[in-house]
Amino acid sequence: MAASMGRVAAGLLTRSQTSASTMRTLSMSQSLTQNTPRPSWKLGRLNHIAIAVPDLEKAQSFYKNVLGAQVSETVPLPEHGVYTIFVELGNTKLELLYPLGEKSPIAGFLQKNKAGGMHHVCIEVDDIKAAMAELKRKKIRILSEEPKIGAHGKPVIFLHPKDCDGVLIELEQA
Ligand SMILES: C[C@@H](C(=O)O)C(=O)SCCNC(=O)CCNC(=O)[C@H](O)C(C)(C)COP(=O)(O)OP(=O)(O)OC[C@H]1O[C@@H](n2cnc3c(N)ncnc32)[C@H](O)[C@@H]1OP(=O)(O)O
């Protein structure tokens with residue numbers, strides 16, 4: 001009897017502790033929301049995930065013939081120092097990257113990651129200029145002064161991986 005009363009009391013205590021901590025969390029997040037002005041721009045969908053590959057033809061054949069995906073032709077983008085191939089996935093895309101030219105940003109990455117690997121994620125934004133202004137204010141390093149025209153003919157910027165939990169992030173104007 002005493003033991004079961006103890007269990008009931010412990011249950012009540014746990015519930016009241018939980019609800020107190022939930023209230024604290026809610027009120028903290030409310031005050032955070034109140035103090036943070038709403039950004040004038042929004043993140044959109046995941047446009048693509050880019051994978052640097054050491055052998056572009058082999059990678060193209062793997063996605064096309066082994067995984068059965070719809071795969072684009074190879075497109076050179078000299079202003080970015082890359083060859084690209086897009087793999088269509090329905091809800092998003094993969095971008096296969098291979099170095100083009102001596103100053104390619106992919107060359108150093110492949111030297112460190114000889115088998116290839118995930119290079120960046122590309123997320124759409126509704127206002128790239130507003131995003132840049134806010135990210136600069138928040139001391140996130142943007143890797144070009146101005147947006148460049150990316151693989152889809154739209155303005156893109158890259159954010160330094162060391163400011164984004166180790167992931168190179170590309171933002172693309174939707
Ligand atoms: C066509 C277009 C499109 O999709 O529209 C594209 O794809 S263009 C795709 C290609 N273009 C780009 O990548 C443009 C933006 N990228 C850059 O500006 C550069 O690649 C950086 C990301 C700044 C890295 O510069 P760089 O290679 O000279 O420096 P680094 O090798 O010393 O790297 C500095 C540190 O960042 C890390 N690091 C380098 N690349 C990384 C990556 N892709 N993901 C995560 N971390 C990375 C390194 O391991 C190193 O960390 P530790 O110091 O700890 O070792």
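Accessible areas here come from the Shrake-Rupley method with a 1.4 Å probe; for residues, only the protein chains shown count as cover. The model is predicted: local features need pLDDT of at least 70, side-chain atom pairs count only at pLDDT 80 or more, and totals for chains, interfaces and linings use all residues. Residues are numbered from 1 along each chain as its sequence is written, and side-chain values use heavy atoms, with hydrogens and water left out.

**View 1. The surface of the chain.** Of the 174 residues, 34% are buried (under 20% relative accessible area, 1.4 Å probe, protein chains only).

**View 2. The shell around the ligand.** Which residues are closest to the ligand? They are E95, H119, A151, K162 and E170, in a shell of 19 (a heavy atom within 4 Å). The shell holds nine nonpolar, six polar and four charged residues. Here Ala, Val, Leu, Ile, Met, Phe, Trp, Tyr, Cys and Pro count as nonpolar, Asp, Glu, Lys and Arg as charged, and the others, Gly among them, as polar.

**View 3. Elements that supply the shell.** At least two shell residues come from each of β5 (93-99), α3 (105-112), β6 (117-125) and β9 (168-173). Helix α3 gives the largest share, three residues. Helices (H or I, at least four residues) and strands (E, at least two) are DSSP runs, numbered from the N terminus.

**View 4. Side chains at ligand oxygen atoms.** An N or O atom in the side chain of K162 sits 2.7 Å from a ligand oxygen. For E170, a polar side-chain atom is 2.8 Å from one. For H48, the distance is 3.3 Å. The protein covers 68% of the 1000 Å² of accessible area that the ligand has on its own.

Notes
Buried < 20%, exposed > 50% of the residue type's maximum accessible area, 1.4 Å probe, protein only. Polar contact = N/O pair within 3.5 Å; in protein donor to acceptor, adjacent residues only side chain to side chain.
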